[in-house]
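This briefing is intended for a reader who wishes to review the contacts and surface features of the structure shown here. The topics follow in brief groups.

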Amino acid sequence: MTVPKNALKKWEKVREFALGMPGAAEEFPWGESVAKVNKKVFVFLGTDDGGYPLGVTVKLRDEETHAHALTCPGAEPAGYGLGRSGWVRVPLEEQGAPGAELLCDWVEESYRVIAPKRLIAELDAR
């Protein structure tokens with residue numbers, strides 16, 4: 001299964017943005033890429049090997065943002081009970097999938113929910 005180029009470009013932009021956040025680090029639990037801050041995941045990036053459809057999973061606490069994310073084509077509350085805590089999986093290969101800029105906004109919101117205050121202050125100072 002080949003990944004559409006535009007979806008892969010978006011995924012790469014989002015990954016780069018996430019890893020540019022203060023204190024962010026990439027790890028590969030369960031064989032997929034995640035970005036963590038303070039040992040806690042703030043975005044699940046999945047895999048880019050074409051084994052699964054490309055997507056990102058973010059924690060959105062703001063009700064409006066959360067509702068908006070769920071209106072994206074194919075978006076759904078994350079599995080394993082994470083959806084109850086505000087995690088949303090947004091596929092990138094669907095027609096009408098959100099652009100990289102909006103995805104990065106959601107990654108930042110997810111980061112702000114998880115990151116310690118000192119790192120959020122560092123982000124705000126940028």
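**Salt bridges**

Glutamate 27 and lysine 36 form a salt bridge through their side chains, with an N to O distance of 2.9 Å. The model is a predicted one, and it holds four salt bridges.

- Aspartate 124 meets arginine 112 in a salt bridge of 2.6 Å, N to O.
- Since aspartate 124 lies in helix H4 and arginine 112 in helix H3, the contact ties together parts that are 12 residues apart in sequence.
- Arginine 112 counts as partly exposed, at 30% relative accessibility.
- A network of salt bridges links Glu108, Arg112 and Asp124.

**Nonpolar core**

- The largest nonpolar core comprises 36 residues, and those with the most contacts inside it are Phe42, Val43, Val56, Trp106 and Tyr111.
- Two or more residues of this core come from each of helix H1 (5–19), strand S2 (33–37), S3, S4, strand S6 (87–91), helix H3 (100–114) and helix H4 (117–125).
- H3 supplies the largest share of the core, six residues.
- In soluble globular proteins, nonpolar side chains tend to be buried together.

**Charge on the surface**

- A surface patch of negative charge is formed by Glu12, Glu16, Asp48 and Asp49.
- Aspartate 48 is partly exposed, with a relative accessible area of 41%.

**Backbone angles**

- Tryptophan 30 is not a glycine, yet it has a positive phi of about 55°.
- Tryptophan 30 lies in the loop between strand S1 (24–27) and S2, and it counts as exposed at 66% relative accessibility.
- Tyrosine 80, also not a glycine, has a positive phi of about 60°.
- The loop between strand S5 (76–77) and S6 contains tyrosine 80, which counts as exposed at 88% relative accessibility.

Key. Residues numbered from 1 in each chain as written. Predicted model: local features only at pLDDT ≥ 70, side-chain atom pairs only at ≥ 80, totals over all residues. Heavy atoms only, no water. Patch = residues over 30% accessible without salt bridge, like charges linked within 9 Å, V, L, I, M, F, W, Y side chains within 5 Å. Areas by Shrake-Rupley, 256 points an atom, 1.4 Å probe, with all protein chains shown as cover. Lys, Arg positive; Asp, Glu negative; His and termini not counted. Charge placed at Lys NZ, Arg CZ, Asp CG, Glu CD. Buried < 20%, exposed > 50% of the residue type's maximum accessible area, 1.4 Å probe, protein only. Core = buried A, V, L, I, M, F, W, Y, C linked by side-chain atoms within 4.5 Å. Helix = DSSP H or I, 4+ residues; strand = E, 2+ residues; numbered from the N terminus.
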